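Here is a structure to explore together, one piece at a time. Have a look at the sequence and the fold, then follow along below.

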Amino acid sequence: MQSSTTTTLLPGRSALSGLVGNTPLLWVPEPPDPAGRGFWAKLEGFNPGGIKDRPALYMVERARARGELRPGARIIESTSGTLGLGLALAGTVYGHPVTLVTDPGLEPSMTRLLTAYGAQVDIVPDPHPTGGWQQARRERVAHLLARHPGSWCPDQYGNPDNVAAYTPLALELAAAIGHIDVLVCSVGTGGHSAGVARVLRQLHPELSVVGVDTTGSTLFGQPARPRLMRGLGSSIHPRNVAYEQFAEVHWVAPHEAVWSCRRLAAAHYATGGWSVGAVALVAGWLARTRPAHTRIAAVFPDGPQRYLSTVYDDDYCAAHGLLDTPPAPEPELIGSLGEKEVTRWTRCTEVVDPLTLERTEGTAAATGAGETGR
């Protein structure tokens with residue numbers, strides 16, 4: 001049996017963890033006919049650090065309960081920002097030093113904020129030749145774990161506690177909205193899309209889950225390319241992505257996310273970063289094209305604060321060609337994940353695990369070659 005002190009909060013710190021969860025919902029109507037057409041946005045930016053406060057606290061709590069993370073041991077993890085805020089919070093709540101491995105794409109304001117919260121920030125200088133920044137960060141994490149005996153890595157990409165942590169979010173949605181027809185989530189590590197969908201589908205078996213990715217991401221079978229957007233997409237294939245849950249996937253380009261973020265801010269005084277813009281673009285289109293009164297829930301992972309020097313900075317956006325054109329009125333449709341390389345808002349309704357697809361195609365090719373040789 002584990003000691004009862006394993007999951008004990010530091011004195012006075014329970015109030016901090018109590019700030020996480022029970023975030024508000026915002027109804028976002030879709031013009032020009034807003035009557036009954038719109039979607040519910042779950043504003044996870046109202047957590048202290050964003051949506052990943054939930055898995056950060058839960059992964060740390062469960063690891064301590066199992067004895068994997070000993071009192072006072074160092075937490076070391078790779079992050080593009082939001083999980084870093086959550087782990088800094090968890091380190092404060094449970095009394096652990098935290099080292100966060102990131103890359104030069106992290107906003108300087110985020111580096112300063114994470115440092116102010118007591119975390120050590122380690123920036124890798126170069127991307128991995130094939131796995132990009134994420135693989136470079138993960139290799140650095142492995143190196144640091146070896147240097148710090150007794151340290152612990154949450155491994156957000158494959159930790160099932162990352163998925164389980166979102167059960168409360170799903171129940172909050174169900175309690176507030178009731179029946180939900182469509183769930184729209186951005187996809188990065190796969191944690192919140194898998195965790196929320198799993199619970200909601202138990203309540204509403206006909207639920208349609210729509211994933212939102214970024215151009216240049218390999219998550220859904222596209223080739224890896226340098227990516228401007230952070231918080232969604234990946235250059236690796238996290239084990240937590242539940243491909244079988246998705247009815248369709250949309251890819252959104254950076255300029256389309258910027259347009260959507262700014263439109264949200266001007267019209268609703270509620271917005272966020274890259275993931276929020278991409279999710280809102282897709283959820284709005286679904287609200288316009290699905291039957292009236294379809295109940296659509298969209299998860300907004302964060303708020304706008306960390307993006308003031310990127311998404312909301314005219315000079316930055318102009319330098320990256322993000323202010324030229326608004327999105328098309330609807331996404332391009334492709335028949336399969338690998339049909340073409342997408343560079344603008346695009347959707348596909350045939351979603352499979354791209355690694356499974358690659359293995360199948362490789363086996364077929366090998367079989368064909370063998371038959372030719374006979």
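The largest pocket has a volume of about 810 Å³. Some ground rules for that number: on a 1 Å grid over the protein atoms alone, a pocket is an open set of points with protein on both sides within 12 Å along at least five of seven lines, where a 1.4 Å probe fits, and lining residues have an atom within 4 Å of a point. Grid points are joined across faces, edges and corners, and the volume is the space filled by probe spheres set on the points. You're looking at a predicted model, in which local features need pLDDT of at least 70 and side-chain atom pairs count only at pLDDT 80 or more, while totals for chains, interfaces and linings use all residues. Residues are numbered from 1 along each chain as its sequence is written, and side-chain values use heavy atoms, with hydrogens and water left out.

Who sits around that pocket? Of the 48 residues lining the largest pocket, Ser80, Arg227, Met229, Arg230 and Gly231 are the closest to its centre. Helix H3 (82–94), helix H5 (132–147), helix H8 (191–203) and helix H10 are the elements that give two or more residues to the lining. H5 supplies the largest share, 4 residues. (Helices, H or I with at least four residues, and strands, E with at least two, are DSSP runs numbered from the N terminus.)

Next, the sheets. An open sheet of 8 strands runs in the order E1-E2-E9-E6-E7-E8-E11-E10, with mixed pairing; two strands pair if DSSP finds at least two bridges between them. Strand E1 (25–29) and strand E10 (332–334) are at the edges with a single partner strand each, so one side of each has no neighbour in the sheet. On average, neighbouring strands of this sheet are turned by 25 degrees against each other, direction ignored.

Now follow the strands through part of that sheet. E6 (residues 182–186) and E7 (residues 208–214) run parallel and are joined by 5 bridges. Within that pairing, Leu183 has Val209 of E7 as its bridge partner, and Ser186 has Val212. On to the next strand: E7 and E8 also run parallel, with 6 bridges between them, and Val209 stands opposite Phe246 in E8.

Are the residues of E7 buried or exposed? In E7, 7 of the 7 residues are buried, so the strand is largely enclosed by the rest of the structure; buried means under 20% relative accessible area, exposed over 50%, and partly exposed in between, with a 1.4 Å probe and protein chains only. Both faces of E7 are covered, with Ser208, Val210, Val212 and Thr214 buried on one side and Val209, Gly211 and Asp213 buried on the other. For E8, 6 of the 7 residues are buried, so that strand too is largely enclosed.

Helix H10 (residues 274–289) lies across strand E2 (38–43), E6, E7, strand E8 (246–252), strand E9 (296–300) and strand E11 (346–348), and runs at about 170 degrees to E9. Axes here are lines fitted to C-alpha atoms, for helices over the stretch in contact, and angles run from 0 to 180 degrees between N-to-C directions. Contact means heavy atoms within 4.5 Å.

There is a second sheet to find. Its 3 strands form an open sheet in the order E3-E4-E5, with parallel pairing. Strand E3 (75–78) and strand E5 (120–123) are at the edges, each with a single partner strand, so one side of each is left without a neighbour in the sheet. The twist averages 20 degrees from one strand to the next. E3 and strand E4 (residues 98–102) pair over 4 bridges, and Ser78 has Val101 of E4 as its bridge partner.

Finally, look at the rings. The structure holds 5 aromatic pairs, meaning rings of Phe, Tyr and Trp (its six-membered ring) with centres within 6.5 Å; planes under 30 degrees apart count as stacked, over 60 as edge-to-face and the rest as tilted. One of them is Phe220 with Phe246, edge-to-face at 5.5 Å centre to centre and 85 degrees between the planes. Phe220 lies in the loop between E7 and E8 and Phe246 in E8, so the pair ties together parts 26 residues apart in sequence. Phe220 is buried at 0% relative accessibility, and Phe246 is buried at 8%. Together with Tyr243, Phe220 and Phe246 form one aromatic cluster.
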